[in-house]
Amino acid sequence: MKKLPLLLLAFFTAIGSGFAQKPVIKDSLRFYLDTVLTVMSQQSLYKHQVDWQKLRQDLHHQTANAKTVKELKPVFASVFASLNDQHSVIYYKNMQVSILDPMALLPQDEQSKQLTERVMKGEFKLRSEVLDGKYGYILIPQMNMPQDKIPAFAEKVRQKLCELNPGNLDGWIVDLRVNTGGNMYPMATGIGPLVGDGMVGGAMDADNKQTSTWRMINANFAYDDWKPTDLTKNCEVKKKVKVAVLIGPHTASSGETLAVMFKGRQSTRFFGKPSMGLTTSNAWLQLTDDFVLNVSTAYYADRNKKVYKGKIQPDVAVNGSANFENIKADATVKEALKWLKK
């Protein structure tokens, strides 16, 4: 991600090299619109899919009578629609101004709607238990917290893992089916002993260049050179232990990041249904004091540099009903246990 001064310099350079026109809307609004367009044309993962000069001209015409940022909301949405980008967001004065609704990606059957409602209410909590005396089960839901809370939340996930005495277990089920995202760092570090040390993934941009690397260092997650946690409490798992990863339509964003970290790991299989498909790394760009663009800049890639452009597919598709209250009666857990016992 480039620093803001470079982005704004590029913006003013673009204005002076062909996009300068007589203003058709209030200058401050024109600034917001043109800044978004210029930054997206440079940074967006989907930048090669759009004729930016034509789009800019069309949107200037559409916003000729706009007087407030709120009136630009449908125009910003049309930019995201042109890119087919459902993971970028615009904020103005700490309020979400524009996004393509990612909920539109979810199945609309009654069971899925009920699960969506439960997820949105925050019903699912971090939990772990031993199944059949030999297999660990851990459910990791979405996690949202400020940066200074990352170590504490990572410790909670690690505790749930370690309290099952991993060295005595023959296999694991990592349930990400209700993980709609949030902060990836505590989830990744918490589950670190199962993911394993070394390179575990990264991100690739629109030009197939690697923009970030993800590593596990002593079971602590590191994003490039930044390691936000340094948990000293570790618990050993059996070498090459089997891990079944459960995914579904509500596995999204940072939940999908965690899933990709398991891709390419030995003795690992994925069960369930395809994930939501928000497999992009995003850059948080503070364009002004009150205007923020959170833009998709790269696709997730696993430890073998395989890129995931959309939904993560399970190795074993399971269409049966979920049962989070009685997990041993859950259709996907049953299939995972069959494989773990082989």
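Student: Which residues does Met261 touch, leaving out those up to four places away in sequence?

Tutor: A contact here means heavy atoms within 4.5 Å. By that rule Met261 touches Met184, Ala188, Val195, Val200, Trp214, Met216, Phe221 and Arg303. Please keep in mind that this is a predicted model, where local features need pLDDT of at least 70, side-chain atom pairs count only at pLDDT 80 or more, and totals for chains, interfaces and linings use all residues. Residues are numbered from 1 along each chain as its sequence is written, and side-chain values use heavy atoms, with hydrogens and water left out.

Student: How many residues does the largest nonpolar core have, and which have the most contacts inside it?

Tutor: A nonpolar core is a set of buried Ala, Val, Leu, Ile, Met, Phe, Trp, Tyr and Cys residues joined through side-chain atoms within 4.5 Å. Buried means under 20% relative accessible area, exposed means over 50%, and partly exposed lies in between, with a 1.4 Å probe and protein chains only. The largest core in this model has 39 residues, and those with the most contacts inside it are Ile140, Val174, Ile191, Leu194, Phe221, Met261 and Phe262.

Student: Which elements each supply at least two residues of this core?

Tutor: Helices (H or I, at least four residues) and strands (E, at least two) are DSSP runs, numbered from the N terminus. Those supplying at least two residues each are helices 6 (150–162), 7 (184–190), 8 (192–195) and 9 (254–262), together with strands 5 (171–175), 7 (210–217) and 9 (242–247). Helix 9 gives the most, with five residues. Apart from this core lies another, of 32 residues, among them Val39, Phe76, Leu285 and Tyr299.

Student: Is helix 10 mostly covered or mostly uncovered?

Tutor: Helix 10, residues 331–340, is mostly covered, with seven of its 10 residues buried. Those are Ala331, Thr332, Val333, Ala336, Leu337, Trp339 and Leu340. They pack against strand 3 (127–131), strand 4 (135–139), strand 5, strand 9 and strand 10 (268–272).

Student: What about Ser112: buried or exposed?

Tutor: Ser112 sits in helix 5, residues 110–120. Its relative accessibility is 10%, so Ser112 counts as buried. Beyond its neighbours within four places in sequence, Ser112 is in contact with Pro107 and His250.

Student: Which residue has a positive phi of about 50° although it is not a glycine?

Tutor: That is Lys93, in the loop between strand 1 (89–92) and strand 2 (95–98). Lys93 has a relative accessible area of 52%, so it is exposed. Lys240, another residue other than glycine, has a positive phi near 55°. Lys240 is in the loop between strand 8 (220–223) and strand 9, and is exposed because its relative accessible area is 63%.

Student: Now the whole chain: how many helices and strands are there in the protein?

Tutor: The protein has 10 helices and 14 strands. The radius of gyration, taken over C-alpha atoms, can be set against the globule rule, 2.2 Å times the number of residues to the power 0.38. The value is 22 Å, close to the 20 Å that the rule gives for 342 residues, so the protein is as compact as a globular protein of that length. Its C-alpha trace spans about 75 × 45 × 30 Å along the principal axes.

Student: What share of the residues count as buried?

Tutor: Of the 342 residues, 53% count as buried. Among contacts between residues at least 6 apart in sequence, 71% join residues at least 24 apart.
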